[in-house]
Amino acid sequence: MTITQETVRPAAAVPAAGGGISSRLATICAVTAGFSAANIYYAQPLLTAIGSTFHVGSAAVSLVVTAGTVGFTLGMATLVPLGDLMDRRRLAVTLLSIVALFQLVAAGAPSLAVLIGAALVVATASVVSPLMVAFAATLSAPEDRGRVTGKVMSGVLIGILLARTAGGLLSSAAGWRSVYLVSAVLVLGLAVLLRRVLPIARGEAQISYPKLLASVPKLLVEEPTLRLRSAFGFVSLAGFNALWTSIAFLLAGAPYHYGTALIGLFGLVGAVGATAARITGRAADRRLDRPATAGLLALVLISWGLMALHGGGWLWALVAGVVLLDFGVQGMQVMNLAIIYRLRPEVRSRLTTAYMTIYFLGGAAGSAASGTAYALWGWDGVCAVGAGLAGVALVISLVEAVIGRRTAVAD
């Protein structure tokens, strides 16, 4: 990748590829990634209000959320790989501009169909979040890449966790359309800022776009480390979504009887786990891959044990379990990305696509398993699913560590 200087800024202020990234620029990447990811989740607490506006039922209005999921998956598969082919700054600014435009369309949507269409486009273009993670990793010095990746990922994770809370509070104060309007203004401001502060970063790929897309699955075949870390990512997000899919049912029932506002604010508890991103990033820079992985998976397993103790009104156990789970899952995400970004720098965007596609498939699987488990066995069933996923992943990590040590000794 070739980095060229932008004339609107002094040459000394523009980082070189792999030569280091300033704390200010890393923070801007983290904030951008967070607001971009949040666009996919704003609608979740707004569905009742949207349905009331358009006089439709829950099945129809839920298509707004479905459009978000479909759109983001589509963007991951078709847009993120472009980071290896074209200027990442231009790609990010263009996508953010599209997000801002269609958030305005959503804010003024005259019908549910228009809102669903706008949500699809917004979610497709919101893949700026993984692009920012890969961009920051590319600009970082090798010995600092894990810390920087952790910082940007913390922005993504906080954006995801707080989007629901922020959307619900703003909607209560000024109506659901205000959420889309505020988002449009913020995202447009970020697009202008990125246009000024990001260096030009052209991808090195010299192939056609169809071949670029076809090369993504080949990476999974060629890179065993990518396969292993994608498997860990699958399991991690499956457990994360298993929790957040069913916890609202738990908190609404006995012995808690919480209302929707308090349930939404419960998401703030999970934001505490975002500190794992920076801690794990430092561990990745020190190449503590295997012990950190085992430790994080062990935390996740313990968290499900704590959450299973919630019976009898032990809210402290549930809160502690949520914090540990989010800490472990978010830490694993940073560790996984830091490791795969060491593999082949020239294809980082495609590595991101391969990993994140499997990661989000895990999220979908976890949500489905959680819903079924809760319907059949209640919260204990959800905890069993989560603990089983974490246990399998922990065993795999320990076996891989043993095999890795034996291979190292043999060499």
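## Ground rules

Because the model is predicted, local features need pLDDT of at least 70 and side-chain atom pairs count only at pLDDT 80 or more, while totals for chains, interfaces and linings use all residues. Residues are numbered from 1 along each chain as its sequence is written, and side-chain values use heavy atoms, with hydrogens and water left out.

## The second largest pocket

Let's start with some empty space. Rolling a probe the size of a water molecule over the atoms shows where such space is left. On a 1 Å grid over the protein atoms alone, a cavity is a set of points where a 1.4 Å probe fits but cannot get out, whereas a pocket is an open set with protein on both sides within 12 Å along at least five of seven lines. A lining residue has an atom within 4 Å of a point. Grid points are joined across faces, edges and corners, and a volume is the space filled by probe spheres set on the points.

The second largest pocket has a volume of about 240 Å³. It is lined by 18 residues, and the closest to its centre are Phe35, Ala38, Tyr42, Ala163 and Ala166. Helices here are DSSP runs (H or I, at least four residues), numbered from the N terminus. At least two lining residues come from each of α1 (23-38), α8 (145-174) and α9 (176-197), and α8 gives the largest share, with eight residues. The lining has 13 nonpolar residues, five polar ones and no charged ones. In this scheme Ala, Val, Leu, Ile, Met, Phe, Trp, Tyr, Cys and Pro count as nonpolar, Asp, Glu, Lys and Arg as charged, and the others, Gly among them, as polar.

## Salt bridges

There are six salt bridges in the structure, each a side-chain nitrogen of Lys or Arg within 4 Å of a carboxyl oxygen of Asp or Glu. One of them joins the side chains of Asp84 and Arg350, at 2.9 Å from N to O. These partners are 266 residues apart: Asp84 is in the loop between α4 (63-78) and α5 (88-107), and Arg350 is in helix α17 (residues 348-410). For accessibility, buried means under 20% relative accessible area, exposed over 50%, and partly exposed in between (1.4 Å probe, protein chains only). Asp84 is buried at 1%, and Arg350 is buried at 7%.

Arg344 and Glu222 form another salt bridge, with their closest N and O atoms 3.0 Å apart. Arg344 lies in the loop between α16 (315-340) and α17, and Glu222 in helix α10 (residues 209-222), so this pair ties together parts that are 122 residues apart in sequence. Both ends are partly exposed, Arg344 at 23% and Glu222 at 46%. Asp289 and Arg342 also form a salt bridge, the closest N and O atoms being 2.7 Å apart. Here Asp289 belongs to helix α15 (residues 289-307) and Arg342 to the loop between α16 and α17, 53 residues apart. Asp289 counts as buried at 15%, but Arg342 is partly exposed at 26%. Salt bridges with shared partners also join Asp84, Arg88 and Arg350 into one network.

## Arg88

Arg88 sits in helix α5 and is buried, with a relative accessible area of 3%.

## Helix α7

Helix α7 (residues 128-139) has 12 residues, which should span 16 Å at 1.5 Å a residue; its end C-alpha atoms are 16 Å apart, which agrees. The expected span is 1.5 Å times one less than the number of residues. In α7, 12 of its 12 residues are buried, among them Pro130, Met132 and Phe135.

## Aromatic pairs

A pair of aromatic rings is described by the distance of the centres and the angle of the planes. Rings of Phe, Tyr and Trp (its six-membered ring) pair if their centres lie within 6.5 Å; planes under 30 degrees apart count as stacked, over 60 as edge-to-face and the rest as tilted.

The structure holds five such pairs. Trp176 and Tyr180 have ring centres 5.9 Å apart and planes at 85°, so they are edge-to-face. Both lie in helix α9, four residues apart, about one turn of the helix. Trp176 is buried at 5%, and Tyr180 is buried at 5%.

Tyr359 and Phe360 form an edge-to-face pair, 5.5 Å centre to centre with 85° between the planes. Tyr359 is buried at 6%, whereas Phe360 is partly exposed at 26%. Phe72, Tyr355, Tyr359 and Phe360 form one aromatic cluster.
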